[in-house]
Protein chains: 2
Amino acid sequence: MALRHYTLDFSLSAAVDPATAVPDLLSIFHEQEMTETVHDTDGHGYLATLVGKNGRLVILRVHTHGLVTIDLQCYEQDNISQLDNLLNALEKKLKALLNGNITRIKRLPALIRGAKVDRYWPTADGRLIEYDIDRVVYEADSAYQNIKILHSQQFGNILVLNGDVNLAESDLAYTQAIMGSGNVSYAGKEVLILGGGDGGILAEVVKQKPKMITMVEIDQKVIDGCKVHMRKTCGNILDNLKGDCYQILVEDCVPVLKKYVEKGKMFDYVINDLTAIPISTEPEEDTMWEFLRLILDLSIKVLHPSGKYFTQGNSVNLTEALTLYEEQLGKLSCPVDFSKEVVCVPSYLELWVFYTIWKK
Amino acid sequence: MALRHYTLDFSLSAAVDPATAVPDLLSIFHEQEMTETVHDTDGHGYLATLVGKNGRLVILRVHTHGLVTIDLQCYEQDNISQLDNLLNALEKKLKALLNGNITRIKRLPALIRGAKVDRYWPTADGRLIEYDIDRVVYEADSAYQNIKILHSQQFGNILVLNGDVNLAESDLAYTQAIMGSGNVSYAGKEVLILGGGDGGILAEVVKQKPKMITMVEIDQKVIDGCKVHMRKTCGNILDNLKGDCYQILVEDCVPVLKKYVEKGKMFDYVINDLTAIPISTEPEEDTMWEFLRLILDLSIKVLHPSGKYFTQGNSVNLTEALTLYEEQLGKLSCPVDFSKEVVCVPSYLELWVFYTIWKK
């Protein structure tokens, strides 16, 4: 039983005396059989909390600097149209009372709190985003991560790993970008995919008839979920771990890469689909940067001199993280050059940076 | 001075007795010199409001059905890292207290209420969306609408008409879609654009060397704003109302269309960029449907028998609105066929439907 949380805010060009607005608003709440407690705010404006039937709660604040905020909480099985009417009445009354003093009226879609299906998945750059998610189609905890596949009306199924939106069935743009945006041909080539458990890259590269693709994905449970629920992304490619021109190794890629380095094995293209780049240098992210450097160094070692390494970066807005990453690229044992591209991946709801890296 | 509104919610697998969680939480608030009022909820769980220094307010609810919700409101100039620490302490304490009973912990990015620059522009399908908007670059009220041009870090400037996100500088995908997604050539053709005040369509069609483009935009103030602040979209095309192969009529398109019908003037392509289709048949939208039918009927009348009419629909999620529109297409005086396409327009943060319509 979720909580619906409505907000209705009036921004004003000048502060308003609570005495002019409060009594009329309270009378609207009294009609709803709500009773108020007025709090002492120590000079920070008028604040009343009103409790009503069925768990309804209202917070009414007339701030000292030209802002009136109203919060209304109710349970989801409450009479929603009655509450819409209440909000309409409040909005109408405030419009009349504050006439000429209003710079903005903001009534946001209700925040749904504690719902069975969670619709709020913030962007990488930390913005509040509500998705059109209506059901959970797969959930598993593996040894490595929490795996969810959620259904979105517009994006199809979305793979969410540890709370991060990874890829939706609508996101061919992601796969095309991390494959080099159509600027390279995979025909007859040796290709290494790191991660990629949703099967999207594998399914697209296979179409170009490469010589051999090796995909190294650590998490069988990601493959298990995606091969059933992300078929618009992976087709039938995950149904078998081996095909005419591909093999999937369900292993940690680090020892695999080390073995390839040792054996002198080389690839024309390495596609790193493991994770977005860390977003800070905070201590808790240190191990992520180390991991990133390790993968990068090993990958460049197995890259053919004329080969290309492709990877995702992060949100275009996280300029500091992107700069940190580019600094890392300047510090590799083998000198590299890079280019980057900004791409719109439909389900991300933010623009995303992709890198192409090659040996100098 | 905006209000920052934090939420921290714990979903539980079983209801929890407030007595087990509340005292420890209150002690955290007491350390912050907050004092509580406990409210009678008539059997709807535990509810306390806590008022602190500097206008801080906390709502603590232990609901009867396995949900704990915490709201924290503070002013934007408050000590944010101190408040982050408070939320961290609450989260840690609740994790320990409710250990084994937690199904989800949700701590959303703070909602910023009453800010100078508003970042919340819900999608057409009614979802709560926070944009990365950092400043208002243009605002005007014309005789027809409120016009805002807002700066987004990732999308560039965004044109917002009456609160609806219209087009951002990142949105070439919109312009390409409403021009027929590259499936038609405008070279040597007669083209009519209805609306289009941002200049995006005009700027792109001109590149294809049509015979003549006539654009009919009612609102000079849209043109005034866009020609300065949307130059990545319109280039210099709006600097003059007339060019080698185009003219801009700053007029209501209805009498213009009627005049064209009367004179028997025909166009190879008509691009209707006026507005998204109405989303319901509620009485207040009746006039919008009438307007839409009128424009559609007149447009088809001025369309060459082998011509195409292009228009935007609405969010792919508004299936009812799209169906209503398609029903209208079946009722025109001149029978038409149509196709539709779903397109990702970067700044919309929802997939959008575009229509191509032609005479049977």
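Student: Where in chain B is the place of Glu130(B)?

Tutor: Some conventions come first: this is a predicted model, in which local features need pLDDT of at least 70 and side-chain atom pairs count only at pLDDT 80 or more, while totals for chains, interfaces and linings use all residues. Residues are numbered from 1 along each chain as its sequence is written, chains are lettered from A and ligands numbered from 1 in the order in which they are written, and side-chain values use heavy atoms, with hydrogens and water left out. Helices (H or I, at least four residues) and strands (E, at least two) are DSSP runs, numbered from the N terminus. Glu130(B) is found in the loop between strand 7 (111–113) and strand 8 (133–141) of chain B.

Student: Is Glu130(B) buried or exposed, and with which residues is Glu130(B) in contact?

Tutor: Buried means under 20% relative accessible area, exposed over 50%, and partly exposed in between (1.4 Å probe, protein chains only). With a relative accessible area of 5%, Glu130(B) is buried. Contact means heavy atoms within 4.5 Å. Leaving aside neighbours within four places in sequence, Glu130(B) is in contact with Gly126(A), Arg127(A), Leu128(A), Ile129(A), Arg119(B) and Tyr120(B). A polar contact is a pair of N or O atoms within 3.5 Å; within protein, one must be able to donate a hydrogen and the other to accept it, and residues adjacent in sequence count only if both atoms are side-chain atoms. The side chains of Glu130(B) and Arg119(B) are joined by a polar contact of 3.1 Å.

Student: How many residues does the contact take from chain A and from chain B?

Tutor: Chain A gives 62 residues to the contact and chain B gives 62 residues. Buried area is the accessible area (1.4 Å probe) that two parts lose on being put together, summed over both. Between chain A and chain B the buried area is about 5,200 Å², with carbon and sulfur atoms giving 57%. Arg113(A), Leu128(A) and Gln154(A) supply 13% of the area that chain A buries against chain B, more than any other three residues.

Student: How many salt bridges are there between chain A and chain B?

Tutor: Side chains of opposite charge can pair when their charged atoms come close. A salt bridge is a side-chain nitrogen of Lys or Arg within 4 Å of a carboxyl oxygen of Asp or Glu. The count between the two chains is 6 salt bridges. In one of them, Arg113(A) pairs with Asp71(B), the closest N and O atoms being 2.8 Å apart. A network of salt bridges also links Asp9(A), Asp71(A) and Arg113(B).

Student: Which parts of chain B does the salt bridge of Arg56(B) and Asp78(B) tie together?

Tutor: These two side chains meet at 2.8 Å, N to O. Arg56(B) lies in the loop between strand 3 (46–51) and strand 4 (57–63), and Asp78(B) in the loop between strand 5 (67–75) and helix 2 (80–97), so the pair ties together parts that are 22 residues apart in sequence. Arg56(B) is buried at 3% relative accessibility, and Asp78(B) is buried at 11%.

Student: At which residue does UniProt place the feature "active site"?

Tutor: UniProt positions are given in the numbering used here, feature names are shortened, and annotations may be inferred rather than shown by experiment. The UniProt record (unreviewed entry) places this feature at Asp273(A), in strand 16 (residues 267–273) of chain A. Asp273(A) is buried, with a relative accessible area of 9%. A polar contact of 2.4 Å joins the side chains of Asp273(A) and Tyr174(A).
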